Amino acid sequence: MREREVPQEGNRTLAGHRKAVYAVAEDGKLRLVPSRGWEVEEIVTRQAVEDLERRAEEARVRVLAGESSPLEYHMYRARMDVELLSQTTGLWRWRVRRHLKPAVFKRLPLALKARYAEALGVAVEVLGKVG
């Protein structure tokens, strides 16, 4: 994309902020250009957020039914999935998936729960509950 073609339509999900986009300048070199975003980006971002909110609500129902651990609920509330939570905590994906089981989650040591809590931005006490 050329420097003069960088969209400036505005994107409400950016809340008035700008973001940097790489674009080709007149001299043919890549440059960082500020952008206010564009409508398509806003639509896709909103759809992704709505999907994660839906998943969080579904996870909350599963937690209350005893089918899943509160970790799944908090993972989606923090706009993460198993892959991202795995990367953030430094744990293997299979371990994160295993910890989504209520019986396994209850037996986790406090240090591991603290690791999850830090990655999710919640207190350890909150990690064991759903909202």
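Reader: Leaving aside its neighbours within four places in sequence, what is Glu41 in contact with?

Author: Once the neighbours within four places in sequence are set aside, Glu41 is in contact with Asn11 and Lys19. Please keep in mind that we are looking at a predicted model, and that Glu41 itself lies in helix H1.

Reader: Why would I care about a low score?

Author: Where pLDDT is low, the predicted coordinates should not be read in detail.

Reader: Back to Glu41: is it buried or exposed?

Author: Glu41 counts as buried because its relative accessible area is 18%, and the cut-off for buried is under 20%.

Reader: And Lys19, what do the side chains of Lys19 and Glu41 do?

Author: They meet in a salt bridge, with an N to O distance of 2.1 Å. This pair links distant parts of the chain, since Lys19 is in strand E1 and Glu41 in helix H1, 22 residues apart. Lys19, at 26% relative accessibility, counts as partly exposed.

Reader: How many salt bridges does the count come to?

Author: The count comes to 10 salt bridges. One of them joins the side chains of Glu26 and Arg4, at 2.8 Å from N to O. Glu26 lies in the loop between E1 and strand E2 (30–35), whereas Arg4 lies in the segment before E1, so this pair ties together parts that are 22 residues apart in sequence.

Reader: Are Glu26 and Arg4 buried or exposed?

Author: Glu26 is exposed, and Arg4 is exposed as well.

Reader: Which residue does Asp27 form a salt bridge with?

Author: Asp27 pairs with Arg31 in a salt bridge, and their closest N and O atoms are 3.0 Å apart. Asp27 is partly exposed, with a relative accessible area of 46%, and Arg31 is also partly exposed, with a relative accessible area of 36%.

Reader: Changing topic, how many residues are in the largest nonpolar core?

Author: The largest nonpolar core has 22 residues, and those with the most contacts inside it are Leu71, Leu85, Tyr116 and Leu127. Two or more residues come from each of helix H1 (39–64), helix H2 (70–77), helix H3 (82–89) and helix H6 (110–120). H6 gives the most to this core, with 5 residues.

Reader: How many residues of H2 are buried?

Author: In H2, 7 of the 8 residues are buried, so this helix is largely enclosed by the rest of the structure. The buried ones are Pro70, Leu71, Glu72, Tyr73, His74, Met75 and Tyr76.

Reader: What covers the buried residues of H2?

Author: The cover includes H1, H3, H4, helix H5 (102–106), H6 and helix H7 (124–127). Just after H2, you will find Arg79, which takes a positive phi of about 60°.

Reader: How far apart are Val104 and Ser86 in space?

Author: They are 17 Å apart, C-alpha to C-alpha, and 18 residues apart in sequence.

Reader: Last one, about the surface: which residues make the nonpolar surface patch of about 380 Å²?

Author: That patch is made by Tyr22, Leu30 and Leu32. Tyr22 is found in strand E1, and it counts as exposed because its relative accessibility is 58%, where the cut-off for exposed is over 50%.

Technical notes. Residues numbered from 1 in each chain as written. Predicted model: local features only at pLDDT ≥ 70, side-chain atom pairs only at ≥ 80, totals over all residues. Heavy atoms only, no water. Core = buried A, V, L, I, M, F, W, Y, C linked by side-chain atoms within 4.5 Å. Buried < 20%, exposed > 50% of the residue type's maximum accessible area, 1.4 Å probe, protein only. Helix = DSSP H or I, 4+ residues; strand = E, 2+ residues; numbered from the N terminus. Contact = heavy atoms within 4.5 Å. Patch = residues over 30% accessible without salt bridge, like charges linked within 9 Å, V, L, I, M, F, W, Y side chains within 5 Å. Areas by Shrake-Rupley, 256 points an atom, 1.4 Å probe, with all protein chains shown as cover. Salt bridge = Lys/Arg side-chain N within 4 Å of Asp/Glu carboxyl O.
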